[in-house]
Amino acid sequence: MKNLKSIIAVVMCAAVVLGVLCMIPGVGTSANAAGETTNLLADKNASFEDYTVSGWTISAGVAQSKEEAYDASAWSLKINKNGATALSEKLAVTGGSYYAVSAQTMGAAGKITVRFYDANDAELTADAVSVDAAAAAAWAKTEKVFAAPATAAKAAVELSATSDAAVYF
């Protein structure tokens, strides 16, 4: 847990800080023994601000939007159907490491889930963080640190709505 604070300090940003999803150790960024980090989403379209969802699988009820965007000149990802999701590609992780997800969100009816998988793509665990209630009327940061199971080899990030009210990432 000592290194947890330093891991959290890593920028997982362009991923959710504009409809982007930034991750630290694993689901965005991972830390090695020296505490150095690598952003795993750097090449995985961690941001939705440029009107693309490449690297993400989206369901009905998910769309790019200019209605609300963290940066007024950009786009965000809007989810406005209960149960609708956007799922990232699977990212390589190291079992036993801590991974953080951080995102700018707006709307109080959503969550960010991190799903960990073994080397054979069998899901091991899924843990979530609800969109911060402060995000109901204005952009706010939603974040959480996740512990990868010892046998984890991959992780995916899932953005979802928990009601029919719009939530933006």
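1. Basis. The model is predicted: local features need pLDDT of at least 70, side-chain atom pairs count only at pLDDT 80 or more, and totals for chains, interfaces and linings use all residues. Residues are numbered from 1 along each chain as its sequence is written, and side-chain values use heavy atoms, with hydrogens and water left out.

2. Strand 10 (residues 110-117) pairs with strand 11 (residues 123-130) in the antiparallel sense, over seven bridges. Strands here are DSSP runs of E with at least two residues, numbered from the N terminus, and two strands pair if DSSP finds at least two bridges between them. Y117 stands opposite E123 of strand 11. Five residues lie between the two strands of this hairpin, and D121 takes a positive phi near 70°.

3. The structure holds six salt bridges, each defined as a side-chain nitrogen of Lys or Arg within 4 Å of a carboxyl oxygen of Asp or Glu. R115 forms one of them with E123, with 3.1 Å between the closest N and O atoms. E123 is partly exposed, at a relative accessible area of 42%; the classes are buried under 20%, exposed over 50% and partly exposed in between (1.4 Å probe, protein chains only).

4. From strand 11 to strand 12. The side chains of K144 and D127 also meet in a salt bridge, at 3.1 Å from N to O. K144 lies in strand 12 (residues 140-147) and D127 in strand 11, so the pair ties together parts that are 17 residues apart in sequence. Both partners are partly exposed: K144 has a relative accessible area of 28%, and D127 has 35%.

5. The K78 and E67 pair. A salt bridge joins K78 to E67, their closest N and O atoms being 2.8 Å apart. Because K78 lies in strand 6 (residues 76-79) and E67 in the loop between strand 5 (62-65) and strand 6, the contact ties together parts eleven residues apart in sequence. K78 counts as buried at 15% relative accessibility, whereas E67 is exposed at 54%.

6. The aromatic pair. The structure holds one aromatic pair. Y99 and F116 form this tilted pair, at 6.3 Å centre to centre and 50° between the planes. Rings of Phe, Tyr and Trp (its six-membered ring) pair with centres within 6.5 Å; planes under 30 degrees apart count as stacked, over 60 as edge-to-face and the rest as tilted. Both Y99 and F116 are buried.

7. The surroundings of L77. L77 is placed in strand 6 and is buried, with a relative accessible area of 0%. Leaving aside residues up to four places away in sequence, L77 touches F48, V53, V62, A63, Q64, A86, L159, V167, Y168 and F169, a contact being heavy atoms within 4.5 Å. Q64 is 13 residues from L77 in sequence, with 4.7 Å between the C-alpha atoms.

Terms used:
Helix = DSSP H or I, 4+ residues; strand = E, 2+ residues; numbered from the N terminus.
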